[in-house]
Every structure is written in C-alpha cells, then in structure tokens.
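User: Hey, I've got a structure open and I'm kind of lost. Can you walk me through some of it?

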Amino acid sequence: MVTDAVEVTDLTVVRRGKEVLRDLRFAVPPGEVTGLLGPSGCGKSTLMRAIVGVQRISSGSVAVFGQPAGAKSLRDRIGYVTQAPSVYDDLTVAENLLFFARVLGVDKDRVARCLEQVDLADSRASVVSQLSGGQRSRVSLAVALLGEPTLIVLDEPTVGLDPVLRKQLWGTFHELADQGAAVFVSSHVMDEADRCDRLLLMRDGVIIADGTPQDLREKTGAADIEQAFLTLVEGDPA
Amino acid sequence: MSPRITLAVAARVLLQIRRDRRTLAMLLVLPCALMTLLWWMFHDVGGGPFTSLGPALLALIPFIIMFLVTSVTTLRERTSGTLERLLAMPMGKGDYLLGYALAFGLIAAVQSALAVGLSVWLLDLGITGHAWLLLVVAVVDAILGTALGLFVSAFAQTEFQAVQFMPALVIPQILLCGLFVARDALPGVLHVVSDLLPLSYAVDAMRTVASSTETGDVWQDLGIIALFVVGGLALGALTLRRQSP
C-alpha cells in the first residue's frame with residue numbers, strides 16, 4: 001500500500017460567510033495524474049489553495065505527505081501553478097527562473113532542464129510580457145518544476161492553449177507522474193477528463209464522483225464524462 | 001531567513017528597475033531637476049531661502065519617491081500572485097522585506113548622492129556640517145519611505161488606491177515637519193502630533209547637518225527614524241500572510 005500524497009478528510013472551507021467547500025474526503029496518490037473537474041466557480045481553486053496551504057480551512061484536515069498542509073517542511077516539495085501565471089512580466093524567461101531557482105536553492109542546471117520540459121528553451125531570452133498567454137503559463141509551470149516537487153498542483157494549466165500544446169503538456173504531466181510525483185490538475189473542460197488516470201468531479205463545493213474515467217462511464221452508463229457529469233447531477237436529489 | 005534569499009530578492013528588484021529604463025531615469029534625474037528648480041526659483045531673492053529650504057527638500061524627495069515606488073511595486077507583487085508563490089516557497093518574510101529595503105536603499109543612495117552632490121557643489125547649498133552626513137540622512141529617509149510603502153501596500157487593492165496613500169499619509173507629514181511653520185510655533189496639539197511623525201525627525205536632522213557641525217543631535221534623530229523603519233517593516237511583515245481567510 002502506497003502512502004497517499006494528499007489526504008483530505010472532512011474538509012470544509014468558509015469564505016466570507018459562504019461555504020465554498022463542504023465535507024470533502026478524498027486522496028491523491030503518487031505516480032498518477034488526478035484530475036479535478038467541474039464548472040467555473042465550483043470551488044476548484046479554493047481546494048487547490050487549501051492543499052498548497054495558502055487557504056485557511058474551517059474544519060476537517062488536509063494532510064500532505066503526512067503533515068498538515070502549509071507546514072514549513074513541505075514548502076520545497078510542492079510545485080504550485082496558479083490560474084494566472086505568477087511570474088514577473090518585466091523580466092525575461094531565464095531571469096524569472098534563475099530568481100526562483102535562487103530562492104529555492106536549486107542548481108542553475110535545473111533552469112535549462114525545466115525550460116526544455118515546457119518547451120520554452122528557445123524563448124529563454126524573451127521578456128515575459130512579450131509572450132503569448134500560453135507561453136506565459138508555461139513559464140509559470142517551469143517555475144513550479146524547478147524544485148523537483150513530489151506534489152504538483154496545477155490550477156487550470158491548459159486554459160486557452162492550442163490543442164497541440166495541450167496534448168504536449170498532458171504528456172509532460174504523465175512523465176512527471178511516471179517519475180513518481182503526484183500530479184493534481186484542475187480543469188473546467190470535460191473533454192480533458194480522459195487524459196487523467198483518475199477523476200474527481202466537483203460541483204458547488206462537493207465532490208460528486210471519484211474514480212477512473214472508465215469507472216465513471218460504466219457506473220453512469222454514459223458515453224463520455226460530460227454525460228456522466230449530467231447523469232450524476234440529475235440523479236442527485238439536491 | 002537566509003542571506004541567499006534576501007540577496008536574490010534584492011538583485012531581482014534591481015534587475016526589474018534596470019529593465020524599466022524610464023523609471024530608472026526618473027529616479028535618478030528627477031531629484032536633481034527639482035533641486036535645480038528650487039535653486040533657480042530663489043535665484044533673484046535675497047536672504048538665502050535656498051539654503052534654509054534645500055536641506056528639508058533633500059529629506060523629502062527620497063522619502064516621497066521611495067514611498068510611491070515601493071507601494072506600487074509591492075502591490076503589483078501582491079496582485080500578480082508572485083508574492084503568494086514566494087510565500088509558498090521556503091522564503092522568510094524577513095527575506096522579502098529586507099530584500100526590498102536593500103534594493104531600494106541602494107537606489108536611494110545613488111539618487112541622494114546625485115542630488116546632494118549637485119546641491120552642495122554646483123548649486124552652492126551652504127552647509128556647515130558634513131556633506132556625507134546629508135547623504136546618510138537622505139538614505140535613511142528613503143528606507144523609511146520604503147518601509148511605510150511596504151506597509152500601506154497591504155491596504156490597497158489597486159495601484160490607483162496605492163497612489164492615493166501619498167496625499168493621505170505623506171502630505172500631512174510635510175505640512176507638520178517644520179517646513180512651513182516652525183514646529184515649536186505649532187498649536188500645542190499639532191506640535192505633539194508632529195513629534196509622532198517620522199518626517200519631522202528627518203527634516204530636523206537635515207537642518208542640523210546644514211547649520212552646525214554638531215553630530216550628536218543628528219545621530220539621535222537618525223536613531224528615531226531607524227525605529228520608525230523597524231516598526232514599519234515589522235507592521236509590513238504582519239501584512240504578509242501565508243494563508244488567506
């Protein structure tokens with residue numbers, strides 16, 4: 001039995017008096033790409049922030065590698081990519097990576113390696129503000145990979161990317177998982193579901209299904225995940 | 001905290017300023033231009049008003065500029081998500097604050113060296129004390145601006161709001177620092193208020209350097225300003241939260 005990278009138990013998060021996440025319970029195993037799918041505004045980002053440890057939780061617990069989320073010792077083991085690319089627009093790609101590499105205390109060689117991984121080696125001298133949206137989010141992803149994290153949390157990393165690049169990035173996610181990392185990716189695009197090893201479907205702050213894409217299709221008798229999602233929602237008495 | 005991370009933050013801030021040529025030019029040229037304007041303004045007026053106002057302005061300019069630059073830069077960091085990313089990394093809050101103070105302190109040193117050099121040697125600003133002490137006071141004032149700017153950036157949601165803190169927090173200090181009415185001549189309550197404002201000590205220090213070779217009072221004023229800097233940075237650290245509610 002492998003220990004889970006993330007263990008969420010009865011997690012509830014209340015923000016500004018509103019219950020954003022309600023009694024969540026699931027685990028994210030290492031070596032797999034786990035997808036968190038659901039419509040915009042259903043609480044995906046809040047859940048990811050809770051796992052990374054930047055969101056205060058109201059009740060329940062989030063354990064990452066056996067420690068409470070946000071613990072100091074976890075800070076160099078987690079790679080987190082927010083929805084908006086969090087890099088410095090006025091610096092070049094390489095300058096951004098070198099800065100974060102120095103903060104993390106990792107070797108300069110990692111910079112070239114991570115740029116290759118996200119296919120940005122040719123743009124290393126470009127200033128980030130001159131890049132396209134897709135390139136910018138890949139710079140952000142490269143920063144997250146610098147510290148060779150064992151848990152990678154990606155908030156909608158493929159939004160607005162062209163299909164070729166999307167396919168390529170999902171390839172990268174699986175490579176990272178094959179190397180042993182737990183990869184946790186969110187998306188509001190249901191057709192990305194089949195690219196995940198395992199799926200969590202989320203709606204209004206609640207996980208409505210948890211399983212492999214095939215499980216979910218079989219359980220609901222639906223042809224695709226979009227249909228499965230609808231079946232699950234309509235079957236829900238609430 | 002670690003020197004490696006503190007220096008990385010400082011180097012990155014300097015690199016960003018270096019890339020922004022227009023900002024860099026304004027940081028270095030503007031104080032000199034303003035001092036020249038002040039000198040020119042009083043050129044045909046007798047009684048040496050340039051000599052009595054000049055030192056106060058040398059204290060005000062770096063303070064105001066660094067306050068603005070820091071509050072906008074750190075606000076950008078808060079809104080772009082880079083601050084959240086850094087706080088999720090093994091970075092101490094002190095690394096972040098000191099890195100900024102270091103970078104802006106360095107820029108302030110260059111900026112003030114130019115403005116003080118120009119005033120003393122080209123514009124004949126008559127000072128009795130040491131010119132280098134003028135420079136020290138100017139740099140400490142700039143760091144004070146940085147510390148307060150870091151703190152207020154937490155209370156602004158947009159750059160528009162951040163800039164509004166300048167008139168709110170800085171102009172009252174300019175009015176009460178003794179530039180318009182000697183602090184002793186202020187109404188009792190305002191005198192007490194001016195005693196609580198850091199800029200009063202900055203202007204006092206500058207004036208002492210300009211009018212006497214006595215350095216004891218200057219170091220005392222500098223000590224008080226340093227306490228405000230530490231206080232500002234400590235309050236700034238409180239506003240850097242690793243977790244949002």
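Predicted model: local features only at pLDDT ≥ 70, side-chain atom pairs only at ≥ 80, totals over all residues.

User: OK, how many bridges join β1 to β2 in chain A?

Analyst: Seven, and the two strands, residues 6–15 and 18–28 of chain A, run antiparallel. Together β1(A) and β2(A) make a hairpin with two residues between them. In that turn, R16(A) has a positive phi of about 45°.

User: Now the open sheet in chain A. What order do the strands come in?

Analyst: There are six, in the order β6-β7-β8-β3-β9-β10, and the pairing is mixed. β6 (78–81) and β10 (206–211) of chain A are at the edges with a single partner strand each, so one side of each has no neighbour in the sheet. From one strand to the next, the twist averages 15°.

User: And which way do β3 and β8 of chain A pair, parallel or antiparallel?

Analyst: Parallel, over five bridges. For instance, L36(A) is partnered with S186(A) in β8(A).

User: Which strands does helix α5 of chain A lie across?

Analyst: β3, β7 and β8 of chain A, and α5(A) runs at about 155° to β8(A).

User: Switching to chain B: at what angle do α3 and α9 pack?

Analyst: About 140°, with the axes 8 Å apart. The contact residues are eleven nonpolar, one polar and one charged; among them are F63(B) in α3(B) and R207(B) in α9(B).

Notes. Residues numbered from 1 in each chain as written. Chains lettered and ligands numbered in written order. Heavy atoms only, no water. Axes fitted to C-alpha atoms, helices over the stretch in contact; angles between N-to-C directions. Helix = DSSP H or I, 4+ residues; strand = E, 2+ residues; numbered from the N terminus. Contact = heavy atoms within 4.5 Å. Nonpolar A, V, L, I, M, F, W, Y, C, P; charged D, E, K, R; others polar. Pairing = 2+ DSSP bridges.
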